[in-house]
Amino acid sequence: MEIWRSSTCLLLLGRLWGTHVNHAVKKPVYNICDKILFDRGFEILGGNMRLSEMFVRENDSAVQCTLCNHRCHIQEGKRGICGVRENRNGELYSLVYGKLVAQNVDPVEKKPLFHFLPGSTTYSISTVGCNFQCLHCQNYHISQFPHMHNGEISGVHATPGEVVGKAQVHGCKSISYTYVEPTIFYEFSRDCGELAHQHGLKNIYVSNGYMTVEALEKMVPWMDAINVDIKAFDDQVYRKVCKARLQPVLDNVRLLHQYGVWLEVTTLVIPGINDSQQQLEGIANFIADIDCAIPWHVTAFYPTYKMTDRQRTPLSSLEKAFAIGKSAGLQYVYQGNIPGEKEDTECPSCGAKVLSRSGFVLNFSGLENGSCVKCGFRIPGIF
Ligand code: SF4
């Protein structure tokens, strides 16, 4: 285990798809005192190592993580698939508590959430690591950082109080746990989330929806909104492209809606992967079966990371997805990653444009207390 010491981490602000990410540019300084402390299981790195709240002990010092549906069996000294949870002396530790690699003020529309405090900004944070290994990951520099750097954990230390304070200073109305799967830094997101509520801020998860039911139920009390990716409607695609499974995601989408967390769904439409009529209809019908008022964002893929063998998504594919969503009865279907295309919200009752957007910018609101000013129809969401 090599250790980053906060005083010696030089960080370079990089830009990833509009996202500032701290890239470590110096080799870590290894300190023998740190090693001794670490070997004894002490919390060091400014408190970035925390005992996980979601694991069970197994035989011979092994543990099983119960945070996400991989339910990794982890031997002594090893880590789970996410690369940031480690078995030390028969106990599971998060290595990324408050170890932030990205902190940004984003428009909430960027998450994307179109029916949640539209026009507001959200303080967006992330650690390294992810429980998915998507071949097309747009943030692979941070999501796969531990795997790409021999297990290193990069980032700068922050406390929940500092995160909430910065959100307030910047005038944000919410905190977003985003850029990688936030479930993998659950404990820190929970502590931030509870403190945020005490200060009148809301909480957003931008998620692959792969947390366990028991983890999800712990999140619901402080989670106000979530955008879940449904990446395909085919388990084989999930296995091949993301090294995960479809069904737990679908189950969680239903459950989140039942629990009353504000929910929007995103599908990145990838040529040759999930752009068939059958796949798109499968997703659209699944959402409609839960609630036709759940917004569905169909967004354009661009070649990146390990998926550079195909072209960007043509507009025609997004138009097909849009039409399929509407045919399934979905009231709010949006196209993303192509500014200027079908990004506005129309009142399903009178057809008036109630929210007009260009990219992530809200241009116009024809809502009053969440209702259409022309006909009074209540638009679903949190306004
Ligand atoms: S969070 Fe998921 S991927 Fe990470 S150790 Fe736990 S079960 Fe494995």
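Author: Two strands are taken to pair if DSSP finds at least two bridges between them. In this predicted model, strand 5 (residues 63–65) and strand 6 pair in the antiparallel sense over two bridges.

Reader: Which residue of strand 6 is the bridge partner of Gln64?

Author: The bridge partner of Gln64 is His73.

Reader: And what is the strand order in the open sheet?

Author: The order is 4-5-6, with antiparallel pairing throughout the three strands. Strand 4 (55–57) and strand 6 (73–74) are the edge strands, each pairing on one side only.

Reader: Turning to the ligand, which residues are around it?

Author: The residues around the ligand are Cys65, Leu67, Cys68, His70, Arg71, Cys72, Gly80, Ile81, Cys82, Arg85, Asn131 and Ile184.

Reader: How does that shell divide into nonpolar, polar and charged?

Author: Seven residues of the shell are nonpolar, three are polar and two are charged.

Reader: Another topic: how many bridges join strand 20 to strand 21?

Author: Four bridges join strand 20 (residues 353–358) to strand 21 (residues 361–365), and the two run antiparallel. Ser358 stands opposite Val361 of strand 21.

Reader: What about the turn in that hairpin?

Author: Two residues lie between strand 20 and strand 21 in the hairpin, and Gly359 in the turn has a positive phi of about 60°.

Reader: Finally, how many helices and strands are in the chain, and what share of its residues is buried?

Author: The chain has ten helices and 23 strands. Of its 383 residues, 48% count as buried. Among contacts between residues at least 6 apart in sequence, 66% join residues at least 24 apart.

Note on methods: Residues numbered from 1 in each chain as written. Predicted model: local features only at pLDDT ≥ 70, side-chain atom pairs only at ≥ 80, totals over all residues. Near = placed C-beta within 6 Å. Nonpolar A, V, L, I, M, F, W, Y, C, P; charged D, E, K, R; others polar. Buried ≥ 20, exposed ≤ 12 C-beta atoms within 10 Å, placed from the backbone. Contact = placed C-beta atoms within 7 Å.
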